Amino acid sequence: MATTDLKLDEPGSLSRPGPIGRFVRLALGLLCLTYVADLIDVAGDFFTKEGHIRSVVWNGVLAGLFLVSYIINIGFSRAWKKWPALLSAGVFLAIGAAGYLLQGSVETTYFAYVVWGWELYLFSHLGLAFIIAAVIATPGCEMRAFHDLYSRITGVPTKVHHCPVGPLRHIDRWEARYSQPR
């Protein structure tokens with residue numbers, strides 16, 4: 001089962017992804033950045049004619065709540081477990097409740113700005129990490145791509161982290177086995 005626990009391994013302990021893993025990372029990065037572009041397109045115009053927050057703003061909430069703990073914990077080398085997701089959900093609930101009490105609706109401008117900004121950060125960070133991981137073949141989790149890039153530029157070794165969720169871990173393992181001499 002996937003865990004948000006931070007389990008950093010020594011540099012060189014994970015193999016670099018092969019061409020399939022790099023292609024999948026590139027595709028996922030482009031998908032995230034396409035979503036970011038869609039978010040930017042609605043900046044400041046969050047509401048439909050009927051007064052509801054546009055679906056593009058709602059679309060990333062569940063995925064973001066699932067991913068935020070991985071992005072923060074692995075990306076920033078923090079061992080905060082599920083706290084980033086719980087804090088994010090708590091903020092959304094508090095702002096939604098305040099909007100409902102003050103304006104009779106959860107779908108307030110303030111709520112839309114908070115969710116939009118949170119998603120803009122999360123999916124920009126994730127998208128750029130996927131792209132960098134694809135280009136430089138970062139071993140393990142794409143959230144360590146910024147660390148790997150820093151390590152390559154400065155020569156300072158940085159720890160790696162296995163992919164905790166999704167198909168990438170399986171693709172990387174399969175490619176590592178397949179590429180080994182027989």
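Predicted model: local features only at pLDDT ≥ 70, side-chain atom pairs only at ≥ 80, totals over all residues.
Two residues are in contact when heavy atoms of theirs lie within 4.5 Å.

**Start with D172**

Select D172, which sits in helix α7. With its neighbours within four places in sequence set aside, D172 is in contact with P17, G21, R25 and G140. Is D172 buried or exposed? Its relative accessible area is 11%, and under 20% counts as buried, so D172 is buried.

**Zoom out to the whole chain**

Now display the protein chain as a cartoon. The chain has 7 helices and 0 strands. Along the principal axes, the C-alpha atoms fill a box of roughly 65 × 35 × 30 Å. Of the 182 residues in the protein chain, 42% are buried. Take the contacts between residues at least 6 apart in sequence: 65% of them join residues at least 24 apart.

**Helix α5 and its partner α1**

Colour residues 109-136, which make up helix α5. Next colour residues 19-41, helix α1. Two packed helices are described by the angle between their axes and the distance between the axes. For α1 and α5 the angle is about 155° and the axes are 7 Å apart. An angle over 145 degrees counts as roughly antiparallel, so α1 is roughly antiparallel to α5. The crossing of α1 past α5 is left-handed. Sorted by class, the residues in the contact of α1 with α5 are 20 nonpolar, 3 polar and 3 charged.

**A residue inside α5: L126**

Stay on α5 and select L126. L126 has a relative accessible area of 5%, so it is buried. Which residues does L126 touch, not counting those up to four places away in sequence? They are C32, L67, I71, E142 and M143. Then draw a distance from the C-alpha of L126 to that of V68: the two are 9.6 Å apart in space, and 58 residues apart in sequence.

**Helix α4 against α5**

Colour residues 83-103, helix α4. The axes of α4 and α5 are 9 Å apart and meet at an angle of about 165°. These two helices are therefore roughly antiparallel to each other. Here, too, look at the crossing: α4 passes α5 in a left-handed one. To see the contact, select S88, V91, F92, I95 and G96 in α4, then Y110, F111, V114, V115 and W118 in α5. By class, this contact of α4 with α5 has 8 nonpolar, 2 polar and no charged residues.

**Helix α6 against α5**

Move on to residues 145-154, helix α6. Here α5 and α6 pack at an angle of about 45°, with their axes 8 Å apart. That angle makes α5 oblique to α6. On the α5 side, select H125, L128, A129, I132, A133 and I136; on the α6 side, select A145, F146, D148, L149 and R152. The residues of this contact of α5 with α6 divide into 8 nonpolar, 1 polar and 2 charged.

**Aromatic rings**

Show the side chains of Phe, Tyr and Trp. How many aromatic pairs are there? The count comes to 8. One of them is W58 with F111, a tilted pair at 5.6 Å centre to centre and 40° between the planes. This pair links distant parts of the chain: W58 lies in helix α2 (residues 55-59) and F111 in helix α5, 53 residues apart. F111 is buried, with a relative accessible area of 6%. W58 counts as partly exposed at 34% relative accessibility.

Another pair to centre on is W174 with Y178. Their ring centres are 5.4 Å apart and their planes are at 10°, so the pair is stacked. Both residues lie in helix α7 (residues 168-179), the helix that also holds D172. W174 and Y178 are 4 residues apart, about one turn of the helix. W174 is partly exposed, with a relative accessible area of 41%, whereas Y178 is exposed at 55%.

Finish by selecting W58, F92, F111 and W118, which form one aromatic cluster. Among them, F92, F111 and W118 also belong to the contact of α4 with α5.

Technical notes: Residues numbered from 1 in each chain as written. Heavy atoms only, no water. Buried < 20%, exposed > 50% of the residue type's maximum accessible area, 1.4 Å probe, protein only. Axes fitted to C-alpha atoms, helices over the stretch in contact; angles between N-to-C directions. Parallel < 35°, antiparallel > 145°, perpendicular 65-115°, else oblique. Left-handed = near helix turned anticlockwise from the far one by under 90°. Nonpolar A, V, L, I, M, F, W, Y, C, P; charged D, E, K, R; others polar. Phe/Tyr/Trp six-rings, centres within 6.5 Å; stacked < 30°, edge-to-face > 60°.
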